[in-house]
Amino acid sequence: MNPQLESFRYDDAIVRKFLWATFLWGLIGMTVGLLIALQLAMPALNFDIAWLSFGRLRPLHTNAVIFAFAGNAFFTGAYYSSQRLLKARMFSDLLSRVHFWGWQLIIVLAAVTLPLGFTQAKEYAELEWPIDILIAVVWVIFAVNFFGTIAKRRERHLYVALWFYIASIVTVAILHIFNNLSVPAGPLKSYSIYAGVQDAFMQWWYGHNAVAFFLTTPFLGLMYYFLPKAADKPIFSYRLSILHFWTIVFLYIWAGPHHLHYTALPEWASTLGMVFSVMLWMPSWGGMINGLLTLRGAWKKVVEDPILKFFVVAITAYGMSTFEGPMLSVRSVNALAHYTDWIIAHVHTGALGWNGFLAFGMIYWLAPRLFQTRLHSMKMAELHFWLATFGIILYVTAIYSAGLTQGLMWRAYDVTGRLEYPAFIETVMRLMPMYWVRVAGGALYLTGMVLFGYNLLKTWQTRPATYEEPVIQAAPLGDYEELAAPRPAGALARFAQAAWHRTWERLPVTFTVMVAVAVIVASLFEIIPTFLIKSNVPTIASVKPYTPLELAGRDIYIREGCFNCHSQMIRPLRYETDRYGEYSKPGEFVYDHPFLWGSRRIGPDLAREGGKYPDLWHVRHMEAPRDIEAKSIMPAYPWMLTNALDFDGIQSRVDAMVMLGVPYGPAVNDAPAMARQQARAIAQSIAAQGGPADLSDKEIVAMVAYLQRLGRDLGAQPAATTVGGQ
Amino acid sequence: MSAPHDDDRLLDHSYDGIQEYDNPMPRWWLYIFWGTIVWGVLFWLNVPGIGVGKGRIADYDASVAAAAADMPAEPSAGPDAAALLAASQDPTAVAAGRTVFGAYCSACHGPDGGGVIGPNLTDAYWIHGGSPEAVYHTVNVGVLEKGMPAWGPTLKPDEVNAVVAYVISLQGTTPAAPKAPEGTMDPPADAPSGDS
């Protein structure tokens, strides 16, 4: 060993920055969450203002809590713990700052563009292409900074927390890039390069692994550092860490297609997703066991210490949601739960319980250390804990009941063999009391959040005039000497199992490559057959591209976020086809860049909406849904009747579609004129039915054109639908 | 360390003060894990094309066939004209029909039947005929290409009867904002004048 010690300091200023960002964005993201919960219980709260309407704010809520709150929490903990676990200051202070400010810039851009309606319509990947590029750049900067720190570490072996950080950083980069590949059709508009079934597959490969590698593995890493620190106990089992780490990394990647049971995705793919999800149950519980058993002998401390209480509930919530996840992935359970609030309850157990509570516990532990003072009030932290716990209980019990209620109502038949609740709205009205309970639960959780902020602020106010930056001393890594410290022979044998892993732990490049290989190989096993097997998507001759006007309408549908409330995917289940019509076929979506199958039916499925109602019905319904359906909770879209449609802008959109291989025929050169022609015809039919006189240049005609097209190609004679008439 | 964990053995490393035990993985954990893997392999026997399962589309077709076989035989022609006319004068039937109308029809025909998107149902002019059988038929099978849904498959037989009785009872009432007459004059035989 090199006897010469090096002196250095940790960079805690950057950790303080991330800590405040975590709190701030958490507060904002949860406030938006409370607002959209209120909107579902009281649609008047959409205020008839475009940027405040549910479809636009829901993605803002999810992005804010995932990427802004949980993301910054991960960075807070990772910057603090990595430096200490590696005995090194971050690789570059400049990169740390660029990472911090770059990430906050991305969040601000998201907070502006999402309410303005710029979205790719893919869940948790809504941000448009320029922001996606920025995300990739900032992520790479973070990665360079992180791996640079590993390179100059003074600790030979990597601790388990770091394994989880490595897996997260590598995998998120891969997921982000491949799901967001798209062709721009304007500065803030793009179309996914994948269509229909394949787009859906890629999206849920991404979507499920965003949960895995953004909300699970980073937080397991944080748990492995902050839990033993706060409890002052060793980790229960090193071998369990190894096995559950690698099985999580390898198995998680396959699980995505369980989001697409009974959809047009081939059955083998969703089955693959299902069996891997079930196999994931124990690997996930490995984390929970290692967490809870680390607290053996410390339970008395848990009673007194709100920080450990937060951790215990977080780990328990993790255990519950990782049991529930595999259960929901089982096809028959999924048939009941899919499209209902059950899924919303499931994610909130994870987000509020696991991510939220782990972040709170971690920050309460960090605050006195970072601000070099005492926590302002432990009592207040304790109160925060109880408020938030009751908030979660209220939220999830209400929303589980809502999910079950609606799922059971959708499939109920009466004695005459008809649907018991044929009117969708009946299944919505029944949920209202539960939606109010959710509001109460969310309000409690948010109140806790305010206390949290107050407590942090008060703590910060008592900080010293200048922070001390203690000098740390450690020896640099010399050449590695095998078995430098001789171990007892018996233990060596016992340890033999994990010896190979011990070697990997001092070879970060090998380790990272192994993680990347696990993730990529598992992905390719699913992706290659999905894209290459022709029979996955049998062609349907009568399916034609959208006309230019319909395409414009589809983009309005995307802009308004209608897919947050409406699915376009009828499953081959009798109670679905009795309600909505013929089940959806893979070939119907070959021109759908992006796919719009949706994941939640707050309103009815729209896959076969075309021709169901007269044009005028849609005009009046979009303008004022409650004039048509008194109990509707759909937002009103009056601006569609007044906003002028940008006909000339349609050409660039058609061009982008053509680049993606959509056979547009004459519309390649003539999109605006063709759109105008179709718009006039629709406006005439609206006027003839007794509607407003001239709507031909308004957005509503495009919307109506799109809605009336939905699902009609399947039965159409091949010649009947051509792109805008030839 | 407290007593019950004396057999825990600490590994010789420490990271920023964090240590790890060399405990074995819990047995039950390993067994369930192996169990799920075995189950995962076996489940493939159920996947069409790979195992012996028929798959979701075959299951669906079977469920549709089974339901069709179970469906109670429907009276093909519906109730006769006299019964519908009688119901249109029966306050309970009309009240039941009014509820159905408010829930499913008023969006298009107006709350008082005066017509909005769909035609005025209170006047004596009909596009598809004003006889009780004709109205029953229109309501039952709809006029899909014109935007009048088919209610037979959706509503229960009682509800269809009640709402048809209610529509007949609307004859001769005066809605707030009546739509101009459409179709031809064809009053339901002996149509009672509005007692709604």
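The legends below describe close-up views of a predicted model.

Residues are numbered from 1 along each chain as its sequence is written, and chains are lettered from A and ligands numbered from 1 in the order in which they are written. Local features of this predicted model need pLDDT of at least 70, side-chain atom pairs count only at pLDDT 80 or more, and totals for chains, interfaces and linings use all residues, while side-chain values use heavy atoms, with hydrogens and water left out.

**View 1. Chain B in outline.** Chain B holds 7 helices and 4 strands. Helices (H or I, at least four residues) and strands (E, at least two) are DSSP runs, numbered from the N terminus. Read from the N terminus, the order is β-β-α-α-α-α-α-β-α-α-β. Of the 196 residues in chain B, 42% are buried. Buried means under 20% relative accessible area, exposed over 50%, and partly exposed in between (1.4 Å probe, protein chains only). A contact means heavy atoms within 4.5 Å. Among contacts in chain B with a separation of 6 or more, 57% join residues 24 or more positions apart.

**View 2. The domains of both chains.** Domain bounds come from an automatic or database domain assignment. In chain B, domain 1 covers 4-70 and domain 2 covers 81-185. Their centres, taken over C-alpha atoms, are separated by 56 Å. In chain A, the assignment gives domain 1 (340-477) and domain 2 (548-714). The C-alpha centres of these two domains of chain A lie 36 Å apart. Where they meet, 19 residues of domain 1 of chain A are in contact with 14 residues of domain 2 of chain A.

**View 3. Helix α7 of chain B.** This helix spans residues 157-169. Buried residues of α7(B) include B:V160, B:V164 and B:Y166. The buried residues of α7(B) pack against α3 (81-87), α4 (91-104), β3 (125-126) and α6 (132-141) of chain B.

**View 4. Helix α25 of chain A.** Helix α25 takes in residues 699-709 of chain A. Why is it largely enclosed by the rest of the structure? The reason is that 11 of its 11 residues are buried. Among them are A:E699, A:M703 and A:R709. The buried residues of α25(A) pack against three helices of chain A: α19 (548-559), α21 (615-623) and α24 (667-688). Just after α25(A), A:G711 takes a positive phi of about 80°.

**View 5. Around A:T247.** A:T247 sits in helix α7 (residues 238-252) of chain A. Is A:T247 buried or exposed? With 12% relative accessibility, A:T247 counts as buried. Leaving out residues up to four places away in sequence, A:T247 touches A:Y252, A:P283 and B:F33. A polar atom of the A:T247 side chain lies 3.2 Å from the backbone oxygen of A:H244. From A:T247 to A:G665 is 418 residues in sequence and 50 Å in space, C-alpha to C-alpha.

**View 6. Aromatic pairs.** A search of the whole structure finds 73 aromatic pairs over all chains. Rings of Phe, Tyr and Trp (its six-membered ring) pair if their centres lie within 6.5 Å; planes under 30 degrees apart count as stacked, over 60 as edge-to-face and the rest as tilted. A:W281 and A:W285 form an edge-to-face pair, 5.5 Å centre to centre with 70° between the planes. Both lie in helix α9 (residues 281-294) of chain A, 4 residues apart, about one turn of the helix. A:W285 counts as buried, at 18% relative accessibility. In B:W29 and B:F33, the ring centres are 5.8 Å apart and the planes stand at 40°, so this pair is tilted. B:W29 and B:F33 both belong to helix α1 (residues 27-43) of chain B, 4 residues apart. Both are buried.

View 7. A disulfide is a pair of cysteine sulfur atoms within 2.5 Å. By this rule, the count is 0 disulfides over all chains. A:C562 is in no disulfide, and its nearest cysteine sulfur, that of A:C565, is 8.4 Å away. A:C562 is buried, with a relative accessible area of 8%. The sulfur of B:C105 is 8.8 Å from the closest cysteine sulfur, in B:C108, too far for a bond. B:C105 counts as buried at 12% relative accessibility.

Notes. A polar contact is a pair of N or O atoms within 3.5 Å; within protein, one must be able to donate a hydrogen and the other to accept it, and residues adjacent in sequence count only if both atoms are side-chain atoms. The expected span of a helix is 1.5 Å times one less than its number of residues.
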